[in-house]
Amino acid sequence: MELQKALGLAIKEIRLSKQLTQEFFSDVSSRTYMSVLENGKKSPSVEKIDSLANAMGVHPLTIFTLSYLIADEDLSLDDLQRKISEEMKKLKNS
């Protein structure tokens, strides 16, 4: 699945799991923009992801992580976390 579409689905999935409406985000975004994002028709900025995550009470990386898991059904959370952990260790040691 295309990553932009997966990102929209991740935002929607988290929003619904928190039982929030699109209107809940009126301080951060319009309902129309939320709909466009959730349908994968636009890519939000990093700042917008941060604002949405804060409004939903999750870390922005949760949105990105779920996006990658949706985009690649063969990818497990454990594998993704392991890969990120290894990459971060290498970056910190360089």
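User: Which residue does Glu38 form a salt bridge with, and how far apart are the closest N and O atoms?

Analyst: In this predicted model, Glu38 forms a salt bridge (a side-chain nitrogen of Lys or Arg within 4 Å of a carboxyl oxygen of Asp or Glu) with Arg15, and the closest N and O atoms are 2.6 Å apart. Because Glu38 lies in helix α2 and Arg15 in helix α1, the pair ties together parts that are 23 residues apart in sequence.

User: Before I go on, how should I read the numbering and the values?

Analyst: Residues are numbered from 1 along each chain as its sequence is written, and side-chain values use heavy atoms, with hydrogens and water left out. As this is a predicted model, local features need pLDDT of at least 70 and side-chain atom pairs count only at pLDDT 80 or more, while totals for chains, interfaces and linings use all residues.

User: Is Glu38 buried or exposed?

Analyst: Glu38 is buried, with a relative accessible area of 4%, where buried means under 20%, exposed over 50% and partly exposed in between, using a 1.4 Å probe and protein chains only. Arg15 is buried too, at 7%.

User: And how do α1 and α2 pack?

Analyst: Helix α1 (residues 3-17) and helix α2 (residues 31-38) pack at an angle of about 120 degrees, with their axes 7 Å apart; the axes are lines fitted to C-alpha atoms, for helices over the stretch in contact, and angles run from 0 to 180 degrees between N-to-C directions. That makes α1 oblique to α2, since angles under 35 degrees count as roughly parallel, over 145 as roughly antiparallel, 65 to 115 as roughly perpendicular and the rest as oblique. In contact (heavy atoms within 4.5 Å), Gly8, Leu9, Ile11, Lys12 and Arg15 in α1 meet Met34, Leu37 and Glu38 in α2.

User: Stepping back, how many helices and strands are there?

Analyst: The chain has five helices and zero strands, these being DSSP runs numbered from the N terminus (helices H or I, at least four residues; strands E, at least two).

User: What about α3 and α4, at what angle do they pack?

Analyst: Helix α3 (residues 46-56) and α4 pack at about 105 degrees, with their axes 8 Å apart. That makes α3 roughly perpendicular to α4. One of the α4 residues that meet α3 is Ile63, which counts as buried at 0% relative accessibility.

User: Where does the nonpolar patch come in, and which residues form it?

Analyst: Leu3, Leu61, Phe64 and Tyr68 form a nonpolar patch on the surface, with about 360 Å² of accessible area together. Helix α4 (residues 60-71) gives the most to the patch, with three residues, and Leu61, found in helix α4, counts as exposed at 53%. Patches are made of residues with over 30% relative accessible area and no salt bridge, with like charges joined within 9 Å and nonpolar side chains (Val, Leu, Ile, Met, Phe, Trp, Tyr) within 5 Å, and accessible areas come from the Shrake-Rupley method with a 1.4 Å probe, counting only the protein chains shown as cover for residues.

User: Last one: how many salt bridges are there in the whole structure?

Analyst: A search of the whole structure finds four, among them Arg82 with Asp79, at 2.7 Å between the closest N and O atoms. Arg82 and Asp79 are three residues apart in helix α5 (residues 77-93), so about one helical turn separates them.
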